[in-house]
Structure formats: structure tokens, C-alpha cells
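Let us walk through this model together, from the overall fold down to single residues. Please keep the sequence and the 3D view side by side as we go.

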Amino acid sequence: MPERHTEFFPEELQNELNDRFYYLKQDVYGVERLFFENAGGSLRLKAAVDAQTKYSAFPDCPERTHNVALDIRNVIDQGTKDIRLFLNAKDGSIASSLTASKLMFEIITTIAAAKSEGNIVTTAIEHPSSFDACQFASEQYQHELRVAAADPASGSIPLSNILDLIDEETVLVSVILTSNITGAMHDIKEYAKVIKAKNPNTLIVVDAVQGAPHGVIDVDDWKVDALNIAPYKMFGNRGVGYAYLSDRLASLPHHRLLATDTDNWNVGSPTPAHFAGFTEIIHYICQIGSYFNDSADRRTLIVEGMTRIHKQEQAILNRFIHGSPEVRGIKDITGVTIHFEEANGVNQDLILALTFENMTCAEAVDEYGKHNTLVYARESSSHYSKRILDAVGLDAIVRVSPIHCHTKKDVDTFLKVTQVIASEAKIQV
Ligand SMILES: Cc1ncc(COP(=O)(O)O)c(C=O)c1O
């Protein structure tokens with residue numbers, strides 16, 4: 001199994017990044033805290049928020065010919081180019097909507113409507129936005145819904161479990177890039193290749209909302225038909241989701257203003273501010289890339305930046321698990337268990353899924369809160385979590401989700417707090 005990266009960003013770069021985010025060290029009340037809840041919505045880049053605010057103030061309609069209108073149109077064009085570059089979308093269409101979930105419903109119902117009475121294959125660990133869309137579309141268009149089971153040890157979906165369900169009647173396969181609960185990452189390129197080998201006509205739909213801020217995405221290389229992202233999970237703001245659609249998918253009958261192109265999925269006028277914010281996210285990723293790479297090519301810098309972000313996050317994960325000469329890692333703290341990462345190895349995203357002996361996950365979250373550390377309990381009482389937790393045989397987990405701009409010091413602070421919480425849990429017995 002490949003080794004996890006252990007090298008953190010150079011200190012100079014790390015210090016530079018610290019200034020780039022709002023509320024990295026303190027909450028909105030000025031209270032010091034660790035924000036380890038990025039899977040619920042990531043820390044915001046100042047530049048993305050500021051650009052969004054700037055363009056939100058402009059009253060001008062981009063569909064005019066005066067100078068401000070032309071400037072705004074450039075912002076939309078640049079934002080669209082940047083979405084394409086981030087995804088490496090060389091063909092097809094880019095769709096936007098209020099949420100990533102809404103896009104998922106549009107995509108899945110469009111595919112399901114194009115040919116009824118087949119089957120739809122999804123997985124037990126999909127986010128409800130894709131799972132429920134598959135269920136809804138199956139009922140609406142008389143498809144059989146087939147659900148691939150998870151491997152409880154890794155919290156991932158083995159490719160063979162998906163393949164077993166695919167036949168010549170499969171109209172679509174929906175698979176998540178990275179689970180927002182277990183942190184398991186799927187090798188989508190390999191999955192798509194093998195799925196298409198079994199059924200070349202089926203369409204592959206990927207939820208990349210959790211995976212997008214943590215690694216390189218390449219729809220051209222992966223050969224998938226749809227993939228969605230949400231900027232608020234990747235250093236930007238809420239209020240928009242984007243998706244890539246292959247030429248074949250984009251041209252299926254779908255909701256569209258009829259005067260527009262047959263592969264256009266944008267219904268109504270776009271929001272320039274969202275595109276301005278996205279361009280700032282891409283500038284930021286490129287700045288990280290250019291710290292390591294002299295290229296002037298924007299896609300090359302995106303790939304370099306995301307690769308470096310991924311390595312930094314693997315180093316953070318490694319320190320969480322194994323600690324350092326100064327602080328014990330999670331594996332050596334009694335009273336707490338870390339799930340999935342051992343079975344996943346390097347295919348584990350920067351998400352820790354923890355449970356405590358003698359303390360519920362909700363209690364543990366409260367205890368972390370008392371130590372100014374924000375984490376979240378995913379519990380089966382929530383519709384967002386139940387099916388996924390059932391699939392991996394757990395009732396609840398404490399989800400810990402930092403991002404690349406966190407430091408060794410932040411990890412060590414968290415480990416010390418975890419030691420205190422775990423020993424308090426034991427004393428309560
Ligand atoms: C993996 C994953 N997919 C999809 C979504 C849906 O995003 P939204 O609620 O913004 O539509 C989320 C949100 O938490 C998610 O984590």
C-alpha cells in the first residue's frame with residue numbers, strides 16, 4: 001500500500017495562507033477556536049467573499065453593451081472558463097443552480113426520463129441529494145433502483161459491488177467521489193473505465209462536492225458524464241452549485257428556455273458575483289501551485305496547487321493518527337476509536353470519524369466545544385446520515401474535518417484536547 005505523505009507546506013507558504021481566510025483562528029465573536037467543520041461548509045477565502053460582495057452591488061444587466069455590462073460579462077466568461085479548467089472539462093456544458101443538490105436532481109431525472117423501464121445503480125453511501133434523486137427518478141420513470149453495498153471497514157463502495165448490479169438495461173450509475181461521512185475516496189477513473197467496459201451506454205454521474213476541495217478533478221481523463229461541485233465546500237460562498245455535463249448528457253431533453261442552445265442548462269440569468277468568487281478560488285489554488293511550479297499555464301497550476309493541498313492534508317492526517325514525539329496520536333489515545341482510515345490508507349480524505357468509549361458522539365462534540373474546537377456529530381437520528389451510518393454498521397460518529405491551511409500546531413492542540421476528553425469519558429464510568 002502506498003505511504004501517506006508526511007511533508008507539510010514550507011513555513012513561509014503556511015504563514016502566507018493563514019492570512020487568506022476569514023475566521024481561521026477566531027469565530028465571529030473574536031473567540032479563539034479550531035474550525036474543524038469544513039465538511040459542513042469550508043472556511044471562506046477573503047478574496048472570494050470580497051469579489052462576490054463587489055459584484056453583488058452592481059445594478060447593471062450583463063446583457064447590455066455599455067462598459068460595465070461588458071466588464072460583468074467578462075467576469076461570467078472568466079468564471080465559466082475557471083470552472084472548466086478546475087474540472088478539466090474540455091467538452092460538454094457547465095450548468096449552475098442554487099445548490100449542488102438541485103443540479104443532481106436535474107441531472108438524474110433527465111437521464112431517467114430519456115429511457116424508462118431500465119435500472120438505476122447507486123450506492124449505499126451517496127449523499128441524499130443523489131440517492132433520493134435516484135429513488136425519485138426510479139419511481140417516476142419505472143426503473144428498478146439497485147443499491148451497491150458498502151464495505152463497513154473502509155466506508156467505501158468496492159467496485160465489484162457496483163459491477164454486480166450493472167447490466168445492459170442500466171441507464172445510469174451514480175457514485176460519490178469522496179464520502180462526506182466516512183472520508184473514503186473512490187478512484188473514479190478506474191470505476192468509470194470498468195463500468196463502461198461492462199455497459200458502454202450507461203451514464204456515470206459523480207457527486208464531487210466533498211472531494212473537490214481536497215484533490216485534482218479531471219473529467220476529461222476520468223470519462224464521466226456528470227460531476228457536481230459546491231463552492232461553499234471549497235473556500236467560497238453558499239448560493240450556487242456547478243456541474244459538468246458531457247455532450248451526450250447535455251443534449252438530452254431537459255428544462256431549458258427554448259430560444260437557447262439545446263445543450264444549455266442555465267435557466268434564467270446567471271449571477272456574476274458567483275463567478276467572480278469562483279475565479280478568486282482558482283487564483284488562490286494557482287498561487288499555491290506557483291509556489292512549486294513556474295508554469296504560466298493555469299490548468300497546470302491548478303493541478304500543482306490541488307496536488308500540494310492533497311499532500312499537505314495527508315501530512316495533517318498522518319500527524320492526527322500517529323502524533324509526534326511531543327503529542328500522542330489518536331491511535332495511542334485510549335478511550336477513542338478512529339474508523340475507516342486504516343482500511344483506506346491513502347484513499348482516506350482529511351476526515352476523521354471518531355467514536356468514544358463511555359460517551360455519546362453528541363456529548364463528545366459538546367466537550368470539544370468547551371475546548372473551543374468545532375466538530376460535528378453525524379447521527380442516525382438525521383436523515384442526512386442514517387442510511388450511510390447503517391451501511392457501515394455504526395450509529396453515530398464525531399466527524400472532524402480540517403483543511404489544508406491548518407497547521408501542525410492545530411493538530412497537536414486537537415490531540416491534547418482529545419486526550420483530556422477521552423480520559424474524562426473514562427472517569428465518568
Ligand atoms: C457529498 C455531498 N454531496 C452533496 C451535498 C449537497 O450540497 P448542497 O446541500 O449544497 O446542495 C453535500 C452537502 O453537504 C455533500 O456533502
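N88 sits in the loop between α3 (67-87) and β2 (93-97); helices here are DSSP runs of H or I with at least four residues, strands are runs of E with at least two, and both are numbered from the N terminus. The phi of N88 is positive, near 55 degrees, in a residue other than glycine. Most residues other than glycine have a negative phi.

Before going further, a word on what you are looking at. This is a predicted model, in which local features need pLDDT of at least 70 and side-chain atom pairs count only at pLDDT 80 or more, while totals for chains, interfaces and linings use all residues. Residues are numbered from 1 along each chain as its sequence is written, and side-chain values use heavy atoms, with hydrogens and water left out.

Now step back to the whole chain. Its secondary structure comes to 15 helices and 13 strands, and buried residues make up 56% of the 429 residues. The C-alpha trace spans about 70 × 55 × 35 Å along its principal axes. How does the radius of gyration of the chain fit a compact globule? For 429 residues such a globule would have a radius near 22 Å, and the chain has 22 Å, so the two agree. The radius is taken over C-alpha atoms, and the globule rule is 2.2 Å times the number of residues to the power 0.38.

An unreviewed UniProt entry places the feature "domain: Aminotransferase class V" at residues 35-413; such annotations may be inferred rather than shown by experiment. Over residues 35-413 the chain is 41% helix and 15% strand, and the end C-alpha atoms of this stretch are 12 Å apart.

Next, turn to the ligand. Which residues are around it? They are T99, A100, S101, H127, S129, I176, N180, D207, V209, Q210, Y232 and K233, where being near takes a heavy atom within 4 Å. This shell divides into four nonpolar, six polar and two charged residues. In that count Ala, Val, Leu, Ile, Met, Phe, Trp, Tyr, Cys and Pro are nonpolar, Asp, Glu, Lys and Arg are charged, and the others, Gly among them, are polar.

Look at D207 in this shell. D207 lies in strand β6 (residues 203-207) and counts as buried because its relative accessibility is 4%. A polar side-chain atom of D207 is 2.6 Å from a nitrogen atom of the ligand. On the oxygen side, an N or O atom in the side chain of Y232 is 3.0 Å from a ligand oxygen, and a backbone N or O atom of A100 lies 3.3 Å from an oxygen atom of the ligand. Taken alone, the ligand exposes 390 Å², and the protein buries 86% of that; these areas come from the Shrake-Rupley method with a 1.4 Å probe, and for residues only the protein chains shown count as cover.

With 3% relative accessibility T170 is buried, and its side chain makes a polar contact of 2.8 Å with the side chain of N119. A polar contact is a pair of N or O atoms within 3.5 Å; within protein, one must be able to donate a hydrogen and the other to accept it, and residues adjacent in sequence count only if both atoms are side-chain atoms.

Finally, visit helix α14 (residues 386-391), where D390 is placed. D390 is partly exposed at 45% relative accessibility, and a polar contact of 2.8 Å joins the side chains of D390 and K386. D390 and D349 are 41 residues apart in sequence and 20 Å apart in space, C-alpha to C-alpha.

Terms used:
Buried means under 20% relative accessible area, exposed over 50%, partly exposed in between (1.4 Å probe, protein chains only).
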